[in-house]
Amino acid sequence: MSLRIIKAGVHDSIQDQGRSGYQHLGVSQGGAMDDFALKSLNLLLGNPRHKAVIEMGFPAASVVFEQQVVFAVGGADFSATINGQPLPVMHPVLAGEKSSLQFHDYKNGGWAYLAIRGGLPGNLWLNSCSTNTRVERGGWQGRLLRKNDYIPYASKELPDNFPGRKEHIILPWYSTSWKDQSADDEIYVLPGREWEKISDSGKKYFSEKTFWVNPSSDRMGYILDGPPVEIELQEELLSAPVQFGTIQLLPGGKIIVLMADRQSIGGYPRIGHVISAHLPKIAQSKNKSIRFTLVTMETAEQLLLSQESHLLQLKNACIFKWENIFKK
Amino acid sequence: MHSLPPYSIFSSGDMAITIEFGHQINPGVNEIINTLYHYFTGNPFRGCIEVVPAYTSITIYYDPLILSGQVLNNETISATAIREIEKLIQVVSKLQPLQNREINVPVCYDPTFALDITTIADHTKMSPAKIIAIHCAVRYRVYMLGFLPGFAYMGEVDKRLYMPRKKLPQKIAAGSVGITGKQTGIYPLNSPGGWNIIGRTPEQLFETSGDTIQTFFEPGDIVQFYPISINEFKNYKGRGA
């Protein structure tokens with residue numbers, strides 16, 4: 001079973017939860033930019049939460065499924081269609097052979113995901129299918145997807161009365177999104193090691209101003225546009241480990257938020273860290289303005305736990321739904 | 001036996017804790033980091049994901065969902081992680097120092113590979129021969145790996161060779177040996193980079209297949225470079241990573 005890339009997008013790659021345990025050797029963690037979308041889509045399809053998926057920037061790839069498939073799209077909304085009909089995000093779809101999936105217009109977000117029931121086997125490197133384009137390993141031959149690539153997907157038992165060639169059924173159930181108290185453009189952050197070295201006006205400015213995520217931002221880092229933030233540092237910093245979500249201040253006062261493909265260590269002042277529960281939100285804030293709000297560790301952890309319980313509910317509900325489909 | 005110098009321990013976001021021993025590059029401090037690294041990875045606490053050592057700091061990544069089971073009273077998961085880590089730190093003073101490997105690394109300083117030797121000569125007002133002799137005279141310590149798989153940050157470079165970072169990163173070939181400030185290092189892959197290139201080594205800096213990766217250098221290695229000719233470079237068989 002495989003899908004064919006009919007037209008390549010700007011940045012289509014196979015991703016999963018990323019590889020951990022190798023950063024001390026200089027291997028980037030990688031993994032889906034929107035980990036929550038990765039997990040939700042997999043659970044929606046009855047997969048283990050970290051099965052490999054295709055991550056796409058906009059414009060995204062056009063795909064034909066050569067054989068029968070059960071899939072869903074989610075994360076960013078790029079106005080998907082299946083066999084020419086509108087396809088809402090986060091709905092499972094049963095599609096017959098030669099069904100075509102396309103993404104037409106940019107609606108919102110930064111990264112859209114295509115997940116398949118059974119998952120994509122991909123090329124495993126260091127315990128992850130995440131594509132590392134610098135080392136050219138993992139995912140699909142260690143590179144972005146190209147026109148006429150045939151990407152295999154696992155076969156899993158299919159329900160009876162499956163749609164025929166170029167036909168599909170969009171299932172009526174879907175995954176709801178997870179929400180907290182924050183406004184749409186509000187990103188929660190924890191103070192970083194060098195937060196206290198920022199001038200009072202710089203701190204005020206950081207927490208009150210609106211920043212624009214520069215379109216040149218990529219999987220390594222999001223560059224924020226806005227006037228510079230002032231910092232007073234006596235000593236030069238030594239390079240130290242940096243995290244997904246670390247907010248660094250570049251020379252000249254520009255802000256960069258480190259993302260999934262960041263290097264394992266960095267040497268710029270760490271003024272903050274996006275809380276883990278808001279990493280998916282900032283990842284999807286490409287072409288958007290954002291504001292930062294400092295929160296406590298308690299808040300950061302509560303939101304992460306709340307996100308987890310949302311996922312567990314989704315998992316249980318979907319197991320039940322799929323059991324029912326196969327009983328028929 | 002290590003005596004433990006003063007340190008700061010703090011959260012780096014909601015999934016990592018960092019221990020920092022000041023801001024000065026120092027072999028003794030780095031030795032403690034290395035000892036901590038080996039002890040932490042050998043005796044991980046429940047929920048520990050990975051440990052990343054650096055010059056004077058070490059960061060421990062944890063899974064808050066797993067660690068949430070260990071929380072006492074009303075403390076945060078982050079505070080629980082700090083508590084678990086502080087227990088481990090205290091053990092370090094009882095550990096034996098690690099044996100550091102000594103490695104001699106061939107470098108071809110021929111202008112074919114030493115793309116920036118003229119820039120370095122102009123900046124330092126020394127001849128290429130003198131520059132090469134100084135670069136080869138020091139026994140460097142590998143302080144950490146990062147940036148690319150197997151990229152070793154080594155120091156300290158002789159003051160007379162201090163070079164600023166390039167303004168714009170340039171394309172650099174795998175094996176290129178670079179210098180910047182106190183640091184010297186080797187690019188394991190073709191990559192953009194901002195360090196001034198002084199030569200190239202024929203050594204392979206990492207080998208990987210499937211689920212294994214082996215790097216040529218490890219933190220704590222003591223490294224000395226020796227010059228080889230272009231012919232020796234071409235015929236070099238390597239000792240394997």
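The model is predicted, so local features need pLDDT of at least 70 and side-chain atom pairs count only at pLDDT 80 or more, while totals for chains, interfaces and linings use all residues. Residues are numbered from 1 along each chain as its sequence is written, chains are lettered from A in the order in which they are written, and side-chain values use heavy atoms, with hydrogens and water left out.

**Stop 1: chain A against chain B**

Select both chains and display the residues in contact (heavy atoms within 4.5 Å): 39 residues come from chain A and 49 residues from chain B. The two chains bury about 3,700 Å² between them, with carbon and sulfur atoms giving 61% of that area; buried area is the accessible area (1.4 Å probe) that two parts lose on being put together, summed over both.

Next, select Arg193(A) and Glu20(B), whose side chains meet in a salt bridge at 2.7 Å, N to O. Two salt bridges are counted between chain A and chain B, the term meaning a side-chain nitrogen of Lys or Arg within 4 Å of a carboxyl oxygen of Asp or Glu.

Now turn to the chain A side, where strand 16 (240–241), strand 20 (270–274) and helix 4 (297–327) each supply at least two residues that touch chain B. Helices (H or I, at least four residues) and strands (E, at least two) are DSSP runs, numbered from the N terminus. Helix 4 of chain A gives the largest share of this side, seven residues.

**Stop 2: the two domains of chain B**

Colour chain B by its domains, domain 1 (8–94) and domain 2 (102–235), whose bounds come from an automatic or database domain assignment. Their C-alpha centres lie 31 Å apart, and the contact between them takes nine residues from domain 1 and ten residues from domain 2.

The area buried between these domains is about 890 Å², and carbon and sulfur atoms give 52% of it. Select Ile25(B), Asn30(B) and Tyr55(B), which together supply 58% of the area that domain 1 buries against domain 2, more than any other three residues.

Finally, show Glu31(B) and Arg141(B), which form a salt bridge with their closest N and O atoms 2.9 Å apart; the count between the two domains is one salt bridge. On the domain 1 side that touches domain 2, helix 1 (residues 27–42) of chain B supplies the largest share, four residues.
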